[in-house]
Each structure stands twice: as C-alpha cells, then as structure tokens.
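Q: I'm new to this structure and would like a close look at one part of it. Could you walk me through a pocket and what surrounds it?

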Amino acid sequence: MPPLGFVGVITLLIIAVTSCGLPLLGGGRDKDIDVASEPTVLTFADPAKIAGLSVATISSGTAKPHVHVSYPTLSDAPALNKRLKEELSAKARRFSEKTANREGLRTPEYNVDWELTAASRDAVGVRLRESRFTGRTWVDSYRTLWYDRRGEKVVDSTSLISNIKELSTLVRKHLPSTAPVHAESVVVDPDLFDSLNFNTRGDLVVEFDGQESSPGSTGRVAVAIPRKEADRLLTTFGRQVRTAVAETTTRPLSATLDHNPTAVSGLNGTVDCAVAHCVALAFQGGPGPYTERLLSALSTHGARATFFMVGSNAAAMPGLLHRMREQGDLVANQTWTHRDLTLLSTTVIYDQIRRAQHAIGTGSGQTPALLLPPYGATDARVADVARELGLAIVQGNVDAGDAAGTTPEAVVKRVLGDARRGSIILMRDMDQVTADALPQVLDKLRERGFVFVTVPELYGSGRMMPGLTYSAPIVPTGVAPTGGLRSHQVP
C-alpha cells in the first residue's frame, strides 16, 4: 500500500496490538486500551488453538542486508501457503538485491511478522506487517490477505467491500477533526485499502501504511468505520469475514509469569564441565517445521541443546516447547519478531523481549533466563532491558553456516573445524539442511570426546547474571569463589 501523504497519524500505535487491548509500555508496566475507547484495536487469534498451524521462515542468516520473514502455514490451506511463500520470497529477494550496504550507515533490514485476525471454518485472515530499515529510517506497511475456506482461494482485502469509492468517502468522513490529515490523501485506489479488518463490535477497521520514522520508532495508521455505516458496503464474503472475527478464539491476555519457575534443563547438573569436554548447541530462529526432527536427533543421541526461540513462532507451537522441556533441552528467548534490537527504541526493545518471554513461558511453563539478540546486535540499552527482565545475554562463537542453499557436509565440516571445549555452536532452527546435518554433527563431535549440554551448564554452578553478556569459548580454569567456573563476562 502506498503511504498516505500526511504528517502524523490517525491513530499512532507505538506497540504491536495484542489480543484484547493495546499495551502502551512505560516504566516497565503496560495498560490495556479497551476497544470501546480505541475502535481501531484489533483482536488476534490464539495460534495455539488452530489445528494444523505451523510457521515458515525466510532468512538471510548472517548475510547482509538482514532479512527475517515469518509467515503461517495451514495444513488445510495449500493455496494460502503457496501465495504467502511466493510473494514474501519475491519481496525478500528484491530487497536484498536492490538495497545496498552503505558505508557509515547501519545494516539495512527487512522484517515481516504476522498475526491471524480470524480463523474460523469459513475464513482465515493473515495480517502482515512489513518493516524496512534502509540505513536511516524505518518504514512499516500493513497488508491483510483473506483465505476463503469454502472456495479454497486467497483474496485481497478489497474483496470484503463492494464499492471502493464509497469506502473512501466514509474514511474521509471519520478522520478525526484534530488530526493533521489531508482528506484528499484518501483517494479511490485499491492499493490504498489492502488491509481491511473488523474489531470486536463489527466496525470495519481500515489500516494504512506508516510514515518514515526515525530509527527505533514504529507506527500504525488506522480509522474505524462504524458497523451500521460499513454494513451496506460489505460483500457476502465480507459478512462471512465479520462473523469469522467474532467466532475466533483470541490470544490470551498478557499476564505476568511470576508463577513459572526459571527455565532450567531437567538434566542440569548431570555433567561436570570442569572435567568433561562440554559444548553447547544453540538453535535460533524457531520453532519451525524442522524442529521435531532436531528434537528427535538430540533424543536419539542422548544430547541436549538450548533453543533460542522467536516468540511469535513459539506461540503457535506450544507442543514443541513441552517436548523440549520433557527431554532436558532448555527454552530461551530470541525476541518476538527477530528484529535488530539496537535499531529500536528502548520501549520497543522491552516489548520485543517481554512478549517473547510471555509466549515462551506460557507454552513451556518456564520463564526463560537467556536472551540471544538477533544478528548478535546488542548495546547498553538492550543490556538494561535484559537486566530488568532477568535475562543473561548470550553470544555464540561457532557459526554452523547452515543457511539455506548450503549442504549438510559443509555444515559438518565447518562445525568440526571451529568447535572447541566450551564453545557455543549456533545453528538455525528453520532450514532442512540443519535437520539433515545434525545427526552427523552429533556423531562426529562425540567421536572427538565432546559432551552436549545447555548453555548455563558451561558455566558450572555459578549463576549467569541478568544483563551481562556471556561469550564463548568458555575454557574451565578452576573453581571461582562463587563455586562456579570462571568465564568471560562482558558487562
């Protein structure tokens, strides 16, 4: 959608919308805005309640520009899966090809995250937020695709309405009188209305793309058309969609996780890394379609690992989190949507980490104690937020190089060449090559005498402290006064 040509917004929503309200974070606490006072707030489906839902990822790995695209897949919606994959793959490819890394500027980044605004027997709504950072500014855009389950076809948002001209008129009518908005910016253009949804009252919510903003800020532009006025515009499918929104089981309200124990491997303490040659496998970016294979390989080889998960993925697949916990693996945090945290405001950094904490904690029954920053990017603000949320920051020292397009043999060779006692070996939890390579990695490293533990076990009985960065390799050099192993700790 082309951005509206005005300064300011109809409704500027700094933090991503949650299930039944919009949290505005400040001072470490959140408050919910009720739909009655903010009609553009949307509700989102609880992905854990949707049968056949999985998550697919398109990523650049360590290559630049940075690309991380996440989208849902449904076992009974092949047409939807195909369209999302084709369109988002093409956009990611174009961004990588056309966006140059410029000297003196930050690394460009393309990030796509998703929510389901409806998931019923008749219709599924996939709301995509595309965020582009070109070295100086962020630009956000929103788009909602609808899947007609009865017709087994994907349609654009404009299929919900019968008259774009009349919709344009209603949008101009409901622009707040105090908003610095040019009504003439709302023109009769189908591309302008590519994100249409409904709130819980049945009002039609029209979302527009955000404006360019300084590094660290995000925005959302939206206006609500009252149900009675929107009713005459809706197509038959539009009415089905409105009903589908009302029938959808929404994501649970955000809550504190104080009742959850801190995440720790159930096998913690069974290996003494002051004696054994320990390494820690750290999987990042998942869970995804290959996570079950990774877990099976670990179980078969009697190994365990640390899974740094993207919160939006974890929320969709809580069963995998339970399995990790049951077999002695460790759940950990890699933010909500895998964005470079150093490019965000402190408020958004907090939201990115906290939302992932909630999703992972809800799914696993344990509150993560470790954070792996996307792209390894961290700074003093990230450390402060991590400290507030009780998270130690982890940096790996061995990159398996298991990006899409490489071979299992190349992954095995790279890991074997770089692994040392105390290493944290970073692998990706999103590509088939990782699942194909892992059994060989486990076999070959074990032949060399290595033992596989979770990240905290590398540090012995000493507690990893929130806000500190722990890097590897960790070479045990004796017992520290605290009873733990001495290790490299970077404030």
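A: Let's start with the residues that line the second largest pocket: they divide into 9 nonpolar, 14 polar and 5 charged. Keep in mind as you look around that this is a predicted model.

The lining has 28 residues, and the ones nearest the centre of this pocket are Gly61, Thr62, Gln284, Tyr375 and Asp399. As for the space itself, the second largest pocket has a volume of about 460 Å³. If you're wondering how such a space is found, rolling a probe the size of a water molecule over the atoms shows where empty space is left.

Now for the strands. Three of them, β2 (66-74), β10 (277-286) and β16 (424-428), each give at least two residues to the lining of this pocket. The largest share comes from β16, with 3 residues.

Pro65 sits in the loop between β1 (53-59) and β2, and a cis peptide bond links Lys64 to Pro65, with omega about 0 degrees. Over at β10, the loop between β10 and α5 (291-300) holds Pro287. Gly286 and Pro287 are joined by a cis peptide bond too, with omega about -5 degrees. These are worth a second glance because most peptide bonds are trans, just as most residues other than glycine have a negative phi. You'll find Glu152 in the loop between β5 (138-148) and β6 (153-155).

Next, have a look at how some helices meet. Helix α10 (residues 408-418) packs against helix α11 (residues 432-447) at an angle of about 40 degrees, with their axes 8 Å apart, so the two helices are oblique to each other. Their crossing is right-handed. On the α10 side the contact involves Pro408, Val411, Val412, Val415 and Leu416, while α11 brings residues including Val433, Asp436 and Ala437. By class, that contact has 9 nonpolar, 1 polar and 2 charged residues.

Helices α7 (residues 318-326) and α8 (residues 346-364) make another pair: their axes come within 8 Å and cross at roughly 65 degrees. They are therefore roughly perpendicular to each other, and this crossing is right-handed as well. From α7 the contact uses Pro318, Leu321, His322 and Arg325, and from α8 it uses Ala359, Ile360, Gly363 and Ser364. Sorted by class, those residues are 4 nonpolar, 3 polar and 1 charged.

Conventions: Residues are numbered from 1 along each chain as its sequence is written. This is a predicted model: local features need pLDDT of at least 70, side-chain atom pairs count only at pLDDT 80 or more; totals for chains, interfaces and linings use all residues. Side-chain values use heavy atoms; hydrogens and water are left out. Axes are lines fitted to C-alpha atoms, for helices over the stretch in contact, and angles run from 0 to 180 degrees between N-to-C directions. Helices (H or I, at least four residues) and strands (E, at least two) are DSSP runs, numbered from the N terminus. Angles under 35 degrees count as roughly parallel, over 145 as roughly antiparallel, 65 to 115 as roughly perpendicular and the rest as oblique. A crossing is left-handed if the near helix is turned anticlockwise from the far one by less than a right angle, and right-handed if clockwise. Contact means heavy atoms within 4.5 Å. Ala, Val, Leu, Ile, Met, Phe, Trp, Tyr, Cys and Pro count as nonpolar, Asp, Glu, Lys and Arg as charged, and the others, Gly among them, as polar. On a 1 Å grid over the protein atoms alone, a cavity is a set of points where a 1.4 Å probe fits but cannot get out, and a pocket is an open set with protein on both sides within 12 Å along at least five of seven lines; lining residues have an atom within 4 Å of a point. Grid points are joined across faces, edges and corners, and a volume is the space filled by probe spheres set on the points.
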